[in-house]
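Subject: Structure handover

Hello,

Here is the structure I promised to pass on. Please open it alongside this email, and then read on for what turned up.

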Amino acid sequence: MARKLLLEHINVPDIHTFDVYRQKGGYRAVEKALKTLTPDEVVEEVKKSGLRGRGGAGFPTGMKWSFLAKPEGVARYLVCNADESEPGTFKDRYLMTHIPHALIEGMIVSSFALGAHTSYIYVRGEMMPQIRILEKAIAEAKNAGFLGKNILGTGYDLELYVQPGGGAYICGEETALLESLEGKRGNPRIKPPFPAIAGLYGCPTVVNNVESIAATVPIINDGGDEYAKIGIGRSTGTKLISASGNLVRPGVYEIELGLPVEEFIYSDEWCGGIANGKRLKATVAGGSSVPILPANLSLKLANGDPRLMSYESLSEGGFATGSMMGSGGFIAFDEDQCIVRNTWNFSRFYHHESCGQCSPCREGTGWMEKVLHRLEFGHGKMSDIDLLVDVSKKIEGNTICPLGDAAAWPVASAIRHFRDEFEWHVNEPVKSLDTNYGLANYAEPIAKTVSTEN
Amino acid sequence: MSDKVKVTIDGITVEVAPGTTILNAARQIGGDIVPPAMCYYSKLEGSGGKCRTCIVKVSKGSEKDPRPMPKLVASCRTTVMDGMEVQNITSPEVIEARSGVVEMLLINHPLDCPVCDQAGECDLQNLGYEHGLQKTRYEFERRTFERIDIGDKIQLHMNRCILCYRCVFTADQITNKRVHGILNRGDHSEISTYIQTAVDNDFSGNVIDVCPVGALTDKTFRFKNRVWFTKPIDAHRDCPTCSGKVTLWYKGEDVLRVTARKDIYGEVEEFICNTCRFDKKKTADWTIEHPTHISDTSVIASNHYDTLKPLPVIQDNARLQEANRVELEKTTKF
């Protein structure tokens, strides 16, 4: 059995309550940090752990914390990014629902390390149940003396607030999140300055993902060195993976980084294989924004080595073959799934969620969606395929925030790896329209892209 | 120790104050190496970074960290570092990306220059001419809007808006009550007033001047004439509200339009009040100064003769000569 740090007590009844969480060793990290460590020592432990941001970018958390400007007399803020809303990613919601105190404990430890006395958990507006759960948990922690004035008699004060978000995907981008938190339209800011210098209300601010903040609890409890022993290479610790698609057992899993992708998909401990005995056609390893990989490259690198669930392995193989760990939103497609339809679906999402500030994203996401719609519904032209590649190139890297890249990558990678299928949609518009057809039975070119190794 | 930083743009080195953006450093050199800007407006705080037409390649970050920047950057919002090297017109990557941006901007902007009041003064028209394709690859229906009168003097034609946000910044920063902004998101975004309220305050007319395309127009001038048939004259008056320094646009003896004076980058020198703009259209209201200088590159310059000279920046630089070969050939012909 794999080691679990965040979901260790997930099956304990009423673990969402303060009393049960405390009985299971909860809030030890707060006691240890506030009573025996200095803020700098907490930062040092997180640095030693090698923890990388779990929101998608994978930037080292300890290093991010050390960038925080510390001018005298100016407030500093910690903001938890709980705006999770990318298709395929639902692990933060799971954590907040079932073990809210893990996040609150992490917020106290992290706020102490950063010298923040007011912190916010910014939750996507639609997640009302999670907002209520967190509010209740904060009240419990405050009653027990873990929040408010003079926490545990250490002289450290912290107020923690839950803020419902604007209900837009873009509000998960850290600077758009800060704009939204300030009560403005959720448009990304142009960087620099980065939030570590001028963030919330112009003050130094750290924005961290739910899972990253929760991971500071086992890091402080066991020590950064101990945490760094888990995992592989620069991918240390455990990671929550939200697995969806055509899997026997989709769900949220905690894995030790470095687990082979093949084992994750086919082992009974994890996803239990592809549903209905079908073959694997493709995977999206880290949420809808990362490049899609065909079955053979999902399981093996270009040089034949097994692909591992780690930041490095999933991106290896060059841009032409690599993908990304992203937020850990793992989606599996079986052989009957239509890549064009799926790409259109992703594209539809990014078109809908573009904030509209910068021209390439505002206009380009809509353009791609319309062309994909045309291809999927039997009106496409062969030239549309190259047009899509070209438009995605025009968006990628030319926008204010990464939403442009997130919109471009799924389209570009789908065409790179499944061009046959796009061409089939042009050549066989009637067959491709019928979603009841098993694609593998009717599209000979598509079968070529399906791995025969599993 | 010098308090200036050195930056090299397209092979030309200039010393600028720390904190200067690449765009403004390029403007200190002048000529064709100045990136275009549709949303940046030096007089409006926080503007820029949105339209992406000013993107450039930073091939060397600084003397201390010579690594190139991984992506093209918006020159209007990226500050220079000592030893930075930037490529604008000498980078094929930049030219291609910029043409992509122009293509995107033209998706929802009609090419109705023959009837648009901004024709002849339109930055997008110039940009489209320099970087645009001969035909569009976009085959879908464009978005359309009804024209809206926002107040008795200004008309909003959202069809033409490229969402540069300049008018929103203007209303935010120089008027005392902003009643318009951006509604919706993505390509559904639109400039609108709060339930179609009138924009009515002393400086509201400036939103017309900052609009780079023909989305916000002066109702007192609409369709009265083509701008290149008018004669711009600098004039001033003793105004209690603003500086009173304006440009009068004459047709014969009639003043058809009054605007703020603009610099070589098409940005107003000083914002003017609505009284000067809309209510003072008699020559007797003004002290006439001299004909407004119009750049050779503008269509408005036709009938306002001026000698066409090759830009000095280009004359001494072989790389720039090559990059500007087409333009230079035109110059030689003249």
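Start with one residue pair in chain B: B:I233 sits opposite B:P291, a residue of β14(B). Keep in mind throughout that this is a predicted model.

**The four-stranded sheet**

That pair belongs to two strands that run antiparallel. Strand β11 of chain B, residues 231-236, pairs with β14(B) through four bridges, in the antiparallel sense. Both are part of an open sheet of four strands in chain B. The order is β13-β12-β11-β14, with antiparallel pairing. Which strands are at the edges? They are β13 (254-260) and β14 (287-291) of chain B, and each pairs on one side only. On average, neighbouring strands of this sheet are turned by 35° against each other, ignoring direction. As a reminder, strands of a sheet pair through backbone hydrogen bonds, either parallel or antiparallel.

**The three-stranded sheet**

Chain B has another open sheet, this one of three strands. Read across, the order is β6-β7-β10, and the pairing is antiparallel. Its edge strands are β6 (148-149) and β10 (216-218) of chain B, each pairing on one side only. β6(B) and strand β7 of chain B (residues 154-156) run antiparallel and are joined by two bridges. To find the place on screen, pick B:I148: its bridge partner in β7(B) is B:L156.

**Two helices in chain A**

Now to chain A. Helix α5 covers residues 91-98 and helix α7 covers residues 128-143. Their axes come within 9 Å and cross at roughly 40°. An angle under 35 degrees would count as roughly parallel, and 65 to 115 as roughly perpendicular. α5(A) and α7(A) are therefore oblique to each other. The crossing of these two helices, α5(A) and α7(A), is left-handed.

**Backbone points to check in chain A**

- A:P192 is in the loop between α8 (174-181) and β4 (205-209) of chain A.
- A:P192 to A:P193: a cis peptide bond joins these residues too, and omega is about 5°. A:P193 is also in the loop between α8 and β4 of chain A.
- A:N150: phi is near 50°, a positive value in a residue other than glycine. A:N150 lies in the loop between α7 and β3 (159-164) of chain A.

**Cavities**

How many cavities of 30 Å³ or more are there? The count comes to five.

The largest cavity holds about 70 Å³ of space. Chain B residues line this cavity, among them B:C161, B:C164, B:C167 and B:C211. B:I162, B:L163, B:Y165 and B:I191 are also in the lining, as are B:P212, B:V213, B:A215 and B:L216. By class, the lining has twelve nonpolar residues, no polar ones and no charged ones.

The second largest cavity has a volume of about 60 Å³. It is lined by 13 residues. Which of them are closest to its centre? They are A:P188, A:C355, A:C358, A:C361 and A:C401. The lining of the second largest cavity divides into eight nonpolar, five polar and no charged residues.

Best wishes

Methods:
Residues numbered from 1 in each chain as written. Chains lettered and ligands numbered in written order. Predicted model: local features only at pLDDT ≥ 70, side-chain atom pairs only at ≥ 80, totals over all residues. Heavy atoms only, no water. 1 Å grid on protein atoms, 1.4 Å probe; cavity = no way out; pocket = protein on both sides within 12 Å on 5 of 7 lines; lining within 4 Å. Points joined across faces, edges and corners; volume = space filled by probe spheres on them. Nonpolar A, V, L, I, M, F, W, Y, C, P; charged D, E, K, R; others polar. Pairing = 2+ DSSP bridges. Axes fitted to C-alpha atoms, helices over the stretch in contact; angles between N-to-C directions. Parallel < 35°, antiparallel > 145°, perpendicular 65-115°, else oblique. Left-handed = near helix turned anticlockwise from the far one by under 90°.
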